[in-house]
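Welcome to my notebook. I wrote these entries while finding my way around a structure that was new to me, and you are welcome to follow along.

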Amino acid sequence: MKKFFILTLFLSLINCKSTDNLKENNLVTYKVIDINSKPENKFDPKNIEFELIYDNEKSLFQIVNQIENENNKIDDKIIKVIYGGNIKYYKNHILKEKIFNVENRGDVFNVSSDYNEYQWYINPNETKLISGFKCFKATTHKDRKFKGEIKESFEPYAWFTYEIPTSFGPIGLDGLPGLVLEGSFDGKKIYYASKIEKTKLEIKKPYSNTTIAYEDYSNMMYNSIYERKNLEKENNLIIEKKKKEIQSSK
């Protein structure tokens, strides 16, 4: 009898574990359009997709893995970086944690963001239908700083629906009382939902040995920008100097 009880308990635990492994999460597929993109632009994002996987507690937004065409491998990588394909966004309600995982020059690290990053204003009179869902427009403001000084300001917006009661959204546009079906951080690159379904994909926090604060990340990025600009300036001066030397030697 004791052996039978132990065997029954063991089988029950295996069954519970199998049920957990079969747990379904929610999956939203997003595409992106660039309002500044031109037909002749080879860096067109029309062929890339992003996915938002979420449950009641956490979410992960990332690019959909695709087989790269060897002939356009470099172009594919450039497109992915331009439209955030090198960044994964993760949020956890239980731990009050919000991060994004970024790959930059071969280094991968997590950037810790404010859990309540955006203070949204919801306009109850501005609505539209997206994929059959009534959506409301929300707007907010975001500054990017370098060593405490504001360098850029953005007006992110999001179209969300109360009909899907989750606070998640694409590219970290979250914190609203409904799923974000369309949104933009800079007003140029617009992410919109193309499909909503169930999935067996897991929601895993992106791994990194290094976690830095958003302010440190912002300083690092602006440092890189200024270093590149200074290097270009120095190269241009050298080129101009060489041109003058050649002209004077004639």
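**Entry 1: a polar contact to start with**

I began at aspartate 34, whose side chain makes a polar contact with the side chain of tyrosine 83 at 2.8 Å. For a polar contact I took a pair of N or O atoms within 3.5 Å; within protein, one must be able to donate a hydrogen and the other to accept it, and residues adjacent in sequence count only if both atoms are side-chain atoms.

Before going on, I noted that this is a predicted model, where local features need pLDDT of at least 70 and side-chain atom pairs count only at pLDDT 80 or more, while totals for chains, interfaces and linings use all residues. Residues are numbered from 1 along each chain as its sequence is written, and side-chain values use heavy atoms, with hydrogens and water left out.

**Entry 2: more on aspartate 34**

I found aspartate 34 in strand S1, residues 25-34. Helices (H or I, at least four residues) and strands (E, at least two) are DSSP runs, numbered from the N terminus. The aspartate 34 side chain also reaches the backbone nitrogen of asparagine 36, at 3.0 Å.

A salt bridge needs a side-chain nitrogen of Lys or Arg within 4 Å of a carboxyl oxygen of Asp or Glu.

Leaving aside neighbours within four places in sequence, I listed Pro45, Tyr83, Lys188 and Lys189 as contacts of aspartate 34. Contact means heavy atoms within 4.5 Å.

**Entry 3: the whole chain**

I stepped back and counted 3 helices and 14 strands in the chain. Of its 250 residues, 38% count as buried. Among contacts between residues at least 6 apart in sequence, 57% join residues at least 24 apart.

I then checked pLDDT, the predictor's confidence in each residue from 0 to 100. The chain averages 84, and 77% of the residues score at least 70. Over residues 1-20 the pLDDT is below 50, and beyond near neighbours in sequence this stretch has 0 contacts in the model. Where pLDDT is low, the predicted coordinates should not be read in detail.

**Entry 4: strand S3**

Is strand S3 (residues 58-63) mostly covered or mostly open? I found 6 of its 6 residues buried, so I wrote down "mostly covered". Lys58, Leu60 and Gln62 point one way from S3, while Ser59, Phe61 and Ile63 point the other way.

On one pairing, strand S2 (residues 49-54) runs antiparallel to S3, joined by 5 bridges. Two strands pair if DSSP finds at least two bridges between them. A hairpin joins S2 to S3 through 3 residues, and glutamate 51 has glutamine 62 in S3 as its bridge partner.

S3 also pairs with strand S4 (residues 87-92), in the antiparallel sense over 4 bridges. There, phenylalanine 61 has tyrosine 89 in S4 as its bridge partner.

**Entry 5: salt bridges**

How many salt bridges does the structure hold? I noted 13. Side chains of opposite charge can pair when their charged atoms come close.

One of the salt bridges joins aspartate 55 and lysine 23, at 3.4 Å from N to O. This pair links distant parts of the chain: aspartate 55 is in the loop between S2 and S3, and lysine 23 is in the loop between helix H1 (2-21) and S1, 32 residues apart. Aspartate 55 counts as buried at 11% relative accessibility, whereas lysine 23 is partly exposed at 44%.

Next I looked at lysine 98, which meets glutamate 117 in a salt bridge of 2.7 Å, N to O. Lysine 98 lies in strand S5 (residues 97-104) and glutamate 117 in the loop between strand S6 (107-112) and strand S7 (121-130), so the pair ties together parts that are 19 residues apart in sequence.

Lysine 98 also forms a salt bridge with aspartate 174, with the closest N and O atoms 3.0 Å apart. Lysine 98 and aspartate 174 are both buried. Salt bridges that share partners join Lys91, Lys98, Glu117, Lys142 and Asp174 into one network.

Terms used: Buried < 20%, exposed > 50% of the residue type's maximum accessible area, 1.4 Å probe, protein only.
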